[in-house]
Each structure stands twice: as C-alpha cells, then as structure tokens.
Amino acid sequence: TGVYRWWPDTDGSMLHLGRASDMDMHRLLADRHKFMVMALWGMEYTFQAMDALSRRTGRICKYVRMIDVHGYSLRSINLRFVKLLARQQGDLADLYPQLMGATYLTNMPSTVQTIWNNLKYLAPPRVLAKTDLLDTSNPADKAKIEQWVSQRHLPTFMGGETDVWPPPEPTDSLQDCEARAAAAGGPSLTAAGTSEHKP
C-alpha cells in the first residue's frame, strides 16, 4: 500500500509513514480487495500494539500517520480510489475510534493542494479534524510533529534526521539497523544527510 508501520520508540506512538509518490492509486483500485484487507490487518496490528502500551503505561496511546506528498503528480490521482479510501477511513475510524492521534500530509505541492481543498470533504469529519498539511521546513510545523515523534525517527524528506528508508521492521530501532549495517560493512544508516531517497 506504500505505507510502512514503524514503532521506533516502544514507549511512544507507532508511526505509519509513506510517500505519496510510491502509491499508485490506479493499481490500488484494480487490486482494491487486497488493499482493503491489508489496511484492516495493519490497523488491527497497530491497535493491539497501542492497546498493550496503553495498559502498560496507564495512558491512552495513539498512532500517527505521515504521508509526504512532495513530487506527487495530478495524473496519479484516481477519483474512484479517493472515494474508496475516504469510505475505508470512515469504517476504520468507527472500528478504532480512539486509535489515530494525527494525520500529517507533508510538503504538498500547490497544484495538489488545490485538488485536496476540493476533495478533503469526502473524508469523515473525525478523520479530517485530525488531518493537517505541514511544511517540514517550517519550525512551527516541525514542532507539531515533535509532539508525537522525535525528528531522529523520521527520514530527512519529512524533516527528520535519518536516511533510513523504507523504515525497518515495525519494532526495529535505528540502533538495530545501524548494527546490521556495520556487521555487513555498510555505511552508517542513521547519519543525517542530503542523499537521494529511493523506495
């Protein structure tokens, strides 16, 4: 589906991270049954993890979804899939009403933002109320993100400090990735930089 689950801080929020440019709406619509099943499975996985953390800490724990929209093309938008996704998000919000903390759409091009302004009302009100458009070069917007997740756990194209992409397995830490890279004789994965990110 182009969205990765990662839980780098097992005392904090689980992250759902993705790049819109990796998401082919036309292909996902053609294989929509598989997409719906995978999305439900992923949400149940997230719920079990956050529920266990809530019981352990005594506080309600939520996940955060971040999708980077930089470079997304208008030609990639499929209205039928957008409607399907909006309906699915409503169903998941009904099944897991307290699970999502926030959805951040980062670095959205102005052309795509125009489309978003017209289509966003397809989303359920409770989902839309927790959705925000952020510019990761803006300190105020970065501060919103840091309420949920440390910058060191986010890729550089989302304003973070790691070059790891895609994210590791859901419960792997950056230190786990670094140790595996060192053992294999590879370069540091956690150093911030300006290298090109490839999915």
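Which residue forms a salt bridge with Asp-11, and how far apart are the closest N and O atoms? The partner is Arg-56, and the closest N and O atoms are 3.0 Å apart. A salt bridge here is a side-chain nitrogen of Lys or Arg within 4 Å of a carboxyl oxygen of Asp or Glu. Asp-11 lies in the loop between S1 and strand S2 (15–19), and Arg-56 lies in helix H2, so the pair ties together parts that are 45 residues apart in sequence. Helices (H or I, at least four residues) and strands (E, at least two) are DSSP runs, numbered from the N terminus.

The model is predicted: local features need pLDDT of at least 70, side-chain atom pairs count only at pLDDT 80 or more, and totals for chains, interfaces and linings use all residues. Residues are numbered from 1 along each chain as its sequence is written, and side-chain values use heavy atoms, with hydrogens and water left out. The predictor's confidence in each residue is given as pLDDT, from 0 to 100. The protein averages a pLDDT of 85, and 85% of the residues score at least 70. Over residues 186–199, pLDDT stays under 50. For that stretch the model has 32 contacts beyond four places in sequence, a contact being heavy atoms within 4.5 Å. Where pLDDT is low, the predicted coordinates should not be read in detail.

The structure holds four salt bridges. Asp-11, already described, is partly exposed at 40% relative accessible area, whereas Arg-56 is exposed at 54%. Buried means under 20% relative accessible area, exposed over 50%, and partly exposed in between (1.4 Å probe, protein chains only). Another salt bridge joins the side chains of Arg-55 and Asp-51, at 2.9 Å from N to O. These two residues are four apart in helix H2, so about one helical turn separates them. Arg-55 is exposed, at 67%. Asp-51 is partly exposed, at 23%.

Arg-126 and Asp-94 also meet in a salt bridge, at 3.4 Å from N to O. This pair links distant parts of the chain, with Arg-126 in helix H5 and Asp-94 in helix H3, 32 residues apart. Arg-126 is partly exposed, at 41%, and Asp-94 is exposed, at 53%.

Pockets were examined next. On a 1 Å grid over the protein atoms alone, a pocket is an open set of points where a 1.4 Å probe fits, with protein on both sides within 12 Å along at least five of seven lines; lining residues have an atom within 4 Å of a point. Grid points are joined across faces, edges and corners, and a volume is the space filled by probe spheres set on the points.

The largest pocket holds about 1000 Å³ of space. Its lining has 41 residues, and Met-23, Arg-65, Ile-67, Leu-85 and Leu-105 lie nearest the centre. Elements that each supply at least two lining residues include strand S1 (3–6), helix H2 (32–57), helix H3 (79–95) and strand S4 (100–106). H3 gives the largest share, seven residues. By class, the lining has 30 nonpolar, eight polar and three charged residues. Ala, Val, Leu, Ile, Met, Phe, Trp, Tyr, Cys and Pro count as nonpolar, Asp, Glu, Lys and Arg as charged, and the others, Gly among them, as polar.

The second largest pocket holds about 160 Å³. It is lined by 14 residues, with Tyr-63, Ala-93, Tyr-96, Met-100 and Val-127 closest to its centre. S3, H3 and H5 give two or more residues to this lining. H3 gives the most, with three residues.
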